[in-house]
Amino acid sequence: MPELSHRRRTLVLAICCMSLLLVSLDNTVLNVALPSMRRELHASVSGMQWTIDAYTLVVAALLMLAGSTADRVGRKRTFQTGLVVFTLGSALCSLAPNLEALVAFRMVQAVGGSMLNPVAMSIITNTFTEPKERARAIGVWGGVVGISMAAGPLVGGLLVQSVGWRSIFWLNVPVGLAALVLTARYVPESRAPKPRRVDPVGQLLVIALLGSLTYAIIEAPDRGWGSPLIAVCTTVSALALVSLVAYERRRTEPLIELRFFHSVPFSGATVIAVSAFAALSGFLFLNTLYLQDVRGLNALHAGLWMLPMAAMCFVFAPLSGRLVGSRGPRLSLLLAGTTMGASGVLFAAFDAQATDALLLIGYVLFGIGFGLVNAPITNTAVSGMPRTQAGVAAAVASTSRQVGASLGVAVIGAVLASGAASAAGGAHSAASATAFVDAARPAWWIIAGCGGAVLLLGMVTTGRWAAGTAKRAAALFGDERVPAQVSATTKA
């Protein structure tokens, strides 16, 4: 791809950020609308879990395929296709007559979504080649998540209160069309010189693994862990995992490049992404039910309560990008793990819902932590990997996020549904704040544990030993260069 001017690079970044805003805003707006959707569609808590996980599961399953396809047929072309499919899926969601149709149309949305963020990140990686400039660009990218978190609850609350939940999907149509026109005009085409071949067996194994595991977690509270269907699903997921690892190790050009995971920083970034996004999705799911079902707030007022968390994310995401660019990911990861873990402990051990002040402190702490964690995840994932495979490396990081989001909703929802009968009833009918808090306490400990995992992995994966493994992993690709991000980590 020819060298672009600073102005053109900034414009490309802005267009790519539009796709992130499109997808992120859709997710945050959807969380605020869940109670209204549940009432109109007569859905259970597990039904609401599926409106979220049907999307994240399909995205997670197809992200790596989308990344390698973009490297092969062209990143701009794949990105444009994703915008068309996502916009079409959004329009269909707004017309869904029942829960089953909504879940199906969310899956259509997800097919398009799988072609957006990882491909956009690949475009950014190939546009911003200087490490510090790339880190700042990724910081801006992370800041867009903060914007979506800030705007999503407010925009969603206003739309749900004034027009209805279907209008949250209308919002995606004009944004998607605008992004499509701007992409056609300003984003240059690029592709990998030696792209990977399609790996259909690996793709099917990934779908089997993620689908069966998530289904088992979501449906187990209703069907029982000992039911034949749940037993079959858990067995399928285990067999799919073992088969996937064994099969991919033998392929010359696998769907999942296992050599990436010889790098401790890359592996750590993958697990951190799963932990952080599991915490986020669980956090949003719990608080949406609490604020609207237990406190009885409408969608707009619930969105206003979540604003402090979104504001902190908006402030700290670009700050984290600058920190990663100048000092490496260590400080951002340690602060992120500490604050996210502290927020979970505040809810689990000190009943943050008991007072407005503690509730706001819990939201602020989580917003700071999540704002800090995105930039080091992304930068570690794409730094040190061959630029020719940028789509695949970025897709692994994005897949980790989506897997975490799926598991977070599935596990937190299952834990909540498995509470005492009175507590579960409170979660459904707002009968008792105390019952909901008791049922949610184990879920908050899980979120605190996710924060602790970010903190621990942040320490382990950012030292000299980890940097050495990254250098050896680079050598496996015939590239002896030490990743720029890891070099900065060692200095920090």
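Visitor: How much space lies in the second largest cavity, and what makes it a cavity?

Guide: About 120 Å³ of space lies in the second largest cavity. On a 1 Å grid over the protein atoms alone, a cavity is a set of points where a 1.4 Å probe fits but cannot get out. The volume is the space filled by probe spheres set on those points, which are joined across faces, edges and corners. Please keep in mind that this is a predicted model, in which local features need pLDDT of at least 70 and side-chain atom pairs pLDDT 80 or more, while totals for chains, interfaces and linings use all residues. Residues are numbered from 1 along each chain as its sequence is written, and side-chain values use heavy atoms, with hydrogens and water left out.

Visitor: Which residues lie nearest the centre of the second largest cavity, and what makes a residue part of a lining?

Guide: A lining residue has an atom within 4 Å of a grid point. By that rule 13 residues line the second largest cavity, and Asn 31, Val 32, Pro 153, Leu 284 and Met 306 lie nearest its centre. Two or more lining residues come from each of α1, α6 and α11, with α11 giving the largest share, five residues. These helices are DSSP runs (H or I, at least four residues), numbered from the N terminus.

Visitor: How many cavities does the rule give, and what lines the largest cavity?

Guide: The count comes to four cavities of 30 Å³ or more. The largest cavity holds about 580 Å³ of space and is lined by 34 residues, with Ser 24, Asn 27, Phe 277, Leu 280 and Gln 402 nearest its centre. α1 supplies the largest share of that lining, seven residues. By class, the lining divides into 19 nonpolar, 13 polar and two charged residues.

Visitor: What makes the largest pocket a pocket, and how much space lies in it?

Guide: A pocket is an open set of points with protein on both sides within 12 Å along at least five of seven lines. About 550 Å³ of space lies in the largest pocket. Its lining has 20 residues, of which Leu 209, Leu 241, Leu 244, Ile 256 and Phe 261 lie nearest the centre. The elements giving two or more residues to this lining are α9 (200-223), α10 (228-250), α11 (264-294) and α16 (390-417). α16 gives the most, with five residues. The lining of the largest pocket counts 16 nonpolar, three polar and one charged residues.

Visitor: Why is helix α5 called largely enclosed?

Guide: A buried residue has under 20% relative accessible area, an exposed one over 50%, and a partly exposed one lies in between (1.4 Å probe, protein chains only). Eleven of the eleven residues of α5 (residues 117-127) are buried, so the helix is largely enclosed by the rest of the structure. Among them are Asn 117, Met 121 and Thr 127.

Visitor: Is His 42 buried or exposed, and what makes its phi stand out?

Guide: His 42 has 72% relative accessibility and therefore counts as exposed. This residue sits in the loop between α1 and α2 and has a positive phi of about 55° although it is not a glycine.

Visitor: What about Asp 351, buried or partly exposed?

Guide: Asp 351 is at 27% relative accessibility, so it counts as partly exposed. The loop between α14 (330-350) and α15 holds Asp 351, whose phi is near 45°, a positive value in a residue other than glycine.

Visitor: Are α2 and α3 roughly parallel or roughly antiparallel?

Guide: Axes are lines fitted to C-alpha atoms, for helices over the stretch in contact, and angles run from 0 to 180 degrees between N-to-C directions. Angles under 35 degrees count as roughly parallel, over 145 as roughly antiparallel, 65 to 115 as roughly perpendicular and the rest as oblique. α2 and α3 pack at about 150°, with their axes 8 Å apart. α2 is therefore roughly antiparallel to α3.

Visitor: And α1 with α3, roughly parallel or roughly antiparallel?

Guide: The axes of α1 and α3 (residues 75-94) come within 12 Å and cross at roughly 30°. The two helices are therefore roughly parallel to each other.

Conventions: Ala, Val, Leu, Ile, Met, Phe, Trp, Tyr, Cys and Pro count as nonpolar, Asp, Glu, Lys and Arg as charged, and the others, Gly among them, as polar.
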